[in-house]
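Please look through the sequence and the model below before reading on. The paragraphs that follow go from the whole chain to single residues.

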Amino acid sequence: FKGEGGCCGGGSKPIEVPEKKLDTVVATKTLIVDGMTCDHCKGWVEKAINGIEGASAKVNLKTREAVVSLNGEISDEELRRAVVNAGYRVIEIK
């Protein structure tokens, strides 16, 4: 997993992740994500979740939380899979 050694290896320039706005938000979920150490990590997680149709994420590095706005039904497993595929661990989804 990325971030296990204290650095994700992303370099000095963070990933550019354009803000994704949803027309309608019907629910939110908060993911606790392990392994994020820098703005580059934050960008990878946001990009992974924003790649899911109907999901938009905002990540807070200090709290290790990704707050995900949803405009439809998206399973916890689909959100978890996106974060894991980006190289991070989901500790909890609430």
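**Chain and fold**

Residues 24 or more positions apart account for 71% of the contacts in the protein chain with a separation of 6 or more, a contact being heavy atoms within 4.5 Å. This is a predicted model, in which local features need pLDDT of at least 70 and side-chain atom pairs count only at pLDDT 80 or more, while totals for chains, interfaces and linings use all residues. Residues are numbered from 1 along each chain as its sequence is written, and side-chain values use heavy atoms, with hydrogens and water left out.

The protein chain holds two helices and four strands, in the order β-α-β-β-α-β from the N terminus. Helices (H or I, at least four residues) and strands (E, at least two) are DSSP runs, numbered from the N terminus. Of the 94 residues, 38% count as buried; buried means under 20% relative accessible area, exposed over 50%, and partly exposed in between (1.4 Å probe, protein chains only).

Strand β1 covers residues 27–34 and includes Thr-30. Thr-30 is buried, at 18% relative accessible area. Beyond its neighbours within four places in sequence, Thr-30 is in contact with Glu-65, Ala-66, Val-67, Glu-92, Ile-93 and Lys-94.

The whole structure has four salt bridges, each a side-chain nitrogen of Lys or Arg within 4 Å of a carboxyl oxygen of Asp or Glu. One of them joins Asp-76 and Lys-29, with the closest N and O atoms 2.6 Å apart. Asp-76 lies in helix α2 (residues 76–85) and Lys-29 in strand β1, so this pair ties together parts that are 47 residues apart in sequence. Lys-29 counts as buried at 16% relative accessibility, whereas Asp-76 is partly exposed at 35%.

Arg-64 lies in the loop between β2 (55–60) and β3 (65–70) and Asp-34 in strand β1, so the pair ties together parts 30 residues apart in sequence. The side chains of Arg-89 and Asp-34 meet at 3.7 Å, N to O. Arg-89 lies in strand β4 (residues 89–93), so its pairing with Asp-34 in strand β1 ties together parts 55 residues apart in sequence.

Asn-50 belongs to helix α1 (residues 39–50). Asn-50 is buried, with a relative accessible area of 14%. Its side chain reaches the backbone nitrogen of Ala-57 at 2.8 Å. Leaving aside neighbours within four places in sequence, the residues in contact with Asn-50 include Val-17, Pro-18 and Lys-20.

Terms used: A polar contact is a pair of N or O atoms within 3.5 Å; within protein, one must be able to donate a hydrogen and the other to accept it, and residues adjacent in sequence count only if both atoms are side-chain atoms.
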